Amino acid sequence: MISDFPFIYTANPNFPNRYISPHVLEKFIQTNLNDYSTIIGYSTFGKPIYKTRFGNGTIKVLAWSQMHGNESNATHAMLDLWESLKTNPDLANDFWSAIQLDFIFMLNPDGSEAWTRRNGLNIDLNRDYHMRSSKEFPLLQSIAENGHYDYAFNLHEQRTLFSTDGIHPATLSFLAPAENVEREVTETRKKAMAVIAAIHTALYTEIPHNMARYNDEFYPNSTGDNFTKMGLPTILYEGGHFPEDYLRRNTRKYYTIALFEGLKAIANLNGKTSRWENYFDLPENKEDHFDIIYRNVTLPSNDTRTIDIAIQYKEQILPGYEEITFQPIVVEVGDCGKKKGWKEVDCVGKKYLSKELFPKIDEVQNFEII
Ligand SMILES: [Zn+2]
C-alpha cells in the first residue's frame, strides 16, 4: 500500500522539447540510469534499445514508450516521473518498494529520430504481433512473454482530432483492450479497467472534462489485445491535445501524473478488480475536430458562394532542428459539416488572398485570409 504523500510534478529539465533525439536520450540513460539499464537489442538502423528497471517491489509492471516514433509524451512522462520522485524521497521510497517497473524507452528509435509513426522499414510495430516483420517488436514480445509481469502499460499519443464531448479535447484517453471479437469483459480486462477507473478518479479534480476511453473494437494483430489475450492486463494510454498547447507541455504533465496514479493504483489494488465498472464512467473518444476551420470563405473564382476550409497541422523535424515544426495542410474543402475546429475563423467580410485559384487538398495552405 502506497501512503497518500502528495505527488509534486517536476519536469525533467534535460528534455525541454517535445522532440527527443535518441542520442540525447541514450546519453542521459548512460549518465543517470546506467546501473539499472540494459540494451535489449538494436533497431533496423542499429540504434540500441534500452530497458531500465525502476524499483524492487513484488508487483511487476512492464511499460514501453515510442513504439510509434512521433509520440514522445510517454518518454517524457517516465523521465518526469523519475525527476519528480527524486524530489519526494519519502514517496519515492514507498513507491519503488511496492513496484518493480521495467520501462523500455523508445522501442522505435529510428522512427523517433525521424519523427514518424513507423519504424525504419515503414512497419507499424503495433500491428506486428503475428508477422514479426520488424527487428524491434519481437524484443518487446519476448520480454512480455517471459518476464512474469502482473501488468503492462502500452504508452501512446493520439492526434488532435479527438474530443471527449464535442467541446473539450481528449488530453488523456485510455483503453482496456478487448481479447476477442465479442469484447467480453474478462477478469484480465477487469484488472485493467480497475486501474483506469482509479486514474480517472485521481485526475478528475484537475481535468474532469479531458479524459476519455477508446472504442474497444478487437484488433487481431495489435499489441494490447494480444497481451490481454495472453492473460497480461494491459492498459493503453493515449496523450492528446490540450487547448493552445501543440508542444503538449500540459499533456506531458497530466501524462506523468496518470503514469504515477496508474502504478499507485496497481500497488494498492494488489490484483483486485475493485470498482472496475467505473471504467464506463469515462466518455468515449469522439473524432470530431480539425486544428483550424475557416468558415464562410468566398473564393475569388466562386462569386458569392461560400465554403469551409479545414486545416490540420503536419508535424515534422527539419534537419538541424531540435524541435518539431507544424505545417498547415488543407484536409477538407466545402462543407465541414458537424466538425469543429480548435480554432474557428469566421471569414464573412474578409478577403481570400492567394496566388492560386483555390486551396488544394493534402497540400500546404496556399492562402491567407485578412
Ligand atoms: Zn501510437
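## A parallel pair of strands

Strand E11 (residues 289-297) pairs with E14 in the parallel sense, over 6 bridges. To find this pairing in the predicted model, look for His-289, which stands opposite Lys-340 in E14.

These two strands belong to an open sheet of 4 strands, arranged in the order E13-E12-E11-E14 with mixed pairing. Which strands stand at the edges? They are strand E13 (325-334) and strand E14 (340-346); each has a single partner strand, so one side of each is left without a neighbour in the sheet. From one strand to the next, the twist averages 25 degrees.

Now move to another part of the model. Here you will find an open sheet of 8 strands, again with mixed pairing, in the order E1-E2-E4-E3-E5-E9-E7-E8. Its edge strands are strand E1 (37-42) and strand E8 (211-213), each pairing on one side only. The twist in this sheet averages 20 degrees from one strand to the next.

Start at the E1 end. E1 and strand E2 (residues 48-54) pair in the antiparallel sense over 5 bridges, and Thr-38 has Lys-51 in E2 as its bridge partner. A helix joins the picture too: helix H6 (residues 187-203) packs on the sheet and touches strand E7 (172-175), E8 and strand E9 (234-239). The direction of H6 makes about 35 degrees with that of E9.

How do helix H2 (residues 73-86) and helix H8 (residues 249-269) meet? Their axes come within 8 Å and cross at roughly 65 degrees. Angles of 65 to 115 degrees count as roughly perpendicular, so H2 is roughly perpendicular to H8. The crossing is right-handed.

You can pick out the residues that make this contact. On the H2 side they include Asn-73, His-76, Met-78 and Leu-81, while Arg-252, Tyr-255 and Phe-260 are among those in H8. Taken together, the residues of the contact of H2 with H8 divide into 7 nonpolar, 5 polar and 2 charged.

## The whole protein

Finally, step back and view the chain as a whole. The protein has 8 helices and 16 strands. Its C-alpha trace spans about 70 × 45 × 45 Å along the principal axes.

What radius of gyration would a compact globule with 370 residues have? The value would be near 21 Å, and the protein has 22 Å, which agrees.

Conventions:
Residues numbered from 1 in each chain as written. Predicted model: local features only at pLDDT ≥ 70, side-chain atom pairs only at ≥ 80, totals over all residues. Axes fitted to C-alpha atoms, helices over the stretch in contact; angles between N-to-C directions. Parallel < 35°, antiparallel > 145°, perpendicular 65-115°, else oblique. Left-handed = near helix turned anticlockwise from the far one by under 90°. Contact = placed C-beta atoms within 7 Å. Nonpolar A, V, L, I, M, F, W, Y, C, P; charged D, E, K, R; others polar. Pairing = 2+ DSSP bridges. Rg over C-alpha atoms; globule rule 2.2 N^0.38 Å.
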